[in-house]
Amino acid sequence: MRTPEEQEVYINRLIKRLSKDYHVVIEPYIKNLDGEYNWFFNWKGGGYNTIWAKSKKDAVRKVKQKFGMGDQIDASTLRKQTSQGSMDTDRMGYLMTC
């Protein structure tokens, strides 16, 4: 495990190396006061949703509890959200209702 200073040096070197060929944006994941991340996922039959959980395994468990449809999650789409990703998801959902 790196110290915060070592982590910052590592990230800066990585950005410098990658920025030669790519536009790199590093954005932190959304985390609530309970230490849970905002997880985005698609349903197998279509549609999407989000849930707050500490880990991928915990997210699947909470989906089963909340919706009773844990086996309907497309596991390949389960991912943590950044603030920009969350805004994009909300916008997409809003546009789908218009």
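Tutor: Start with the length of helix 3, residues 83-97. At 1.5 Å a residue, its 15 residues should span 21 Å. The end C-alpha atoms are 22 Å apart, which agrees. Keep in mind that this is a predicted model.

Student: Which residues of helix 3 are buried?
Tutor: Gly-85, Ser-86, Thr-89 and Gly-93. Seen down the axis of helix 3, the buried residues fall within an arc of 100°, so they line one face of the helix.

Student: Why would residues three or four places apart point the same way?
Tutor: Because an α-helix has 3.6 residues a turn.

Student: Which exposed residues does the face of helix 3 turned away from the buried side carry?
Tutor: Met-87, Arg-91 and Tyr-94.

Student: What do the buried residues of helix 3 pack against?
Tutor: Strand 1 (37-43) and strand 2 (48-53).

Student: How many bridges join strand 1 and strand 2?
Tutor: Six, in the antiparallel sense. Read off the partners. Tyr-37 stands opposite Ala-53 in strand 2. Asn-38 stands opposite Trp-52 in strand 2. The two strands form a hairpin with four residues between them. In that turn, Gly-46 has a positive phi of about 115°.

Student: How many bridges join strand 1 and strand 3?
Tutor: Four, again antiparallel. Take Phe-40: the bridge partner in strand 3 is Arg-79.

Student: Is strand 1 largely enclosed or open to the outside?
Tutor: Largely enclosed by the rest of the structure, because six of its seven residues are buried. Asn-38 is found in this strand. With a relative accessibility of 5%, Asn-38 counts as buried, since the cut-off for buried is under 20%.

Student: What does Asn-38 touch beyond four places in sequence?
Tutor: Ile-30, Thr-50, Ile-51, Trp-52, Arg-79, Lys-80, Gln-81 and Ser-86. Ser-86 is one of the buried residues of helix 3.

Student: Gln-81 is on that list. Where is Gln-81 found?
Tutor: In the loop between strand 3 and helix 3. Gln-81 is buried, with a relative accessible area of 4%. Gln-81 and Phe-40 are 41 residues apart along the chain, yet their C-alpha atoms are separated by 6.4 Å. Leaving aside neighbours within four places, the contacts of Gln-81 include Tyr-29, Ile-30, Asn-38, Phe-40 and Thr-50.

Student: Next, helix 2. What span is expected at 1.5 Å a residue?
Tutor: 16 Å for its twelve residues, and helix 2 reaches 16 Å from first C-alpha to last. The buried residues are Asp-58, Ala-59, Lys-62 and Val-63. They cover an arc of only 140° around the axis, which puts them on the same side of helix 2. On the other side, Lys-57 and Gln-65 are exposed.

Student: What covers the buried residues of helix 2?
Tutor: The cover includes strand 1, strand 2 and strand 3. Just after helix 2, Gly-68 takes a positive phi of about 70°.

Student: Last, the aromatics. How many aromatic pairs are there?
Tutor: Four. The rings of Tyr-29 and Tyr-37 have centres 6.3 Å apart and planes at 85°, so the pair is edge-to-face. Tyr-29 is partly exposed, at 45% relative accessible area. Tyr-37 counts as buried, at 18% relative accessibility.

Student: Which residues form an aromatic cluster?
Tutor: Phe-41, Trp-43 and Phe-67 form one.

Terms used. Residues numbered from 1 in each chain as written. Predicted model: local features only at pLDDT ≥ 70, side-chain atom pairs only at ≥ 80, totals over all residues. Heavy atoms only, no water. Expected span 1.5 Å × (residues − 1). Buried < 20%, exposed > 50% of the residue type's maximum accessible area, 1.4 Å probe, protein only. Arc of directions from axis to C-beta. Contact = heavy atoms within 4.5 Å. Pairing = 2+ DSSP bridges. Phe/Tyr/Trp six-rings, centres within 6.5 Å; stacked < 30°, edge-to-face > 60°.
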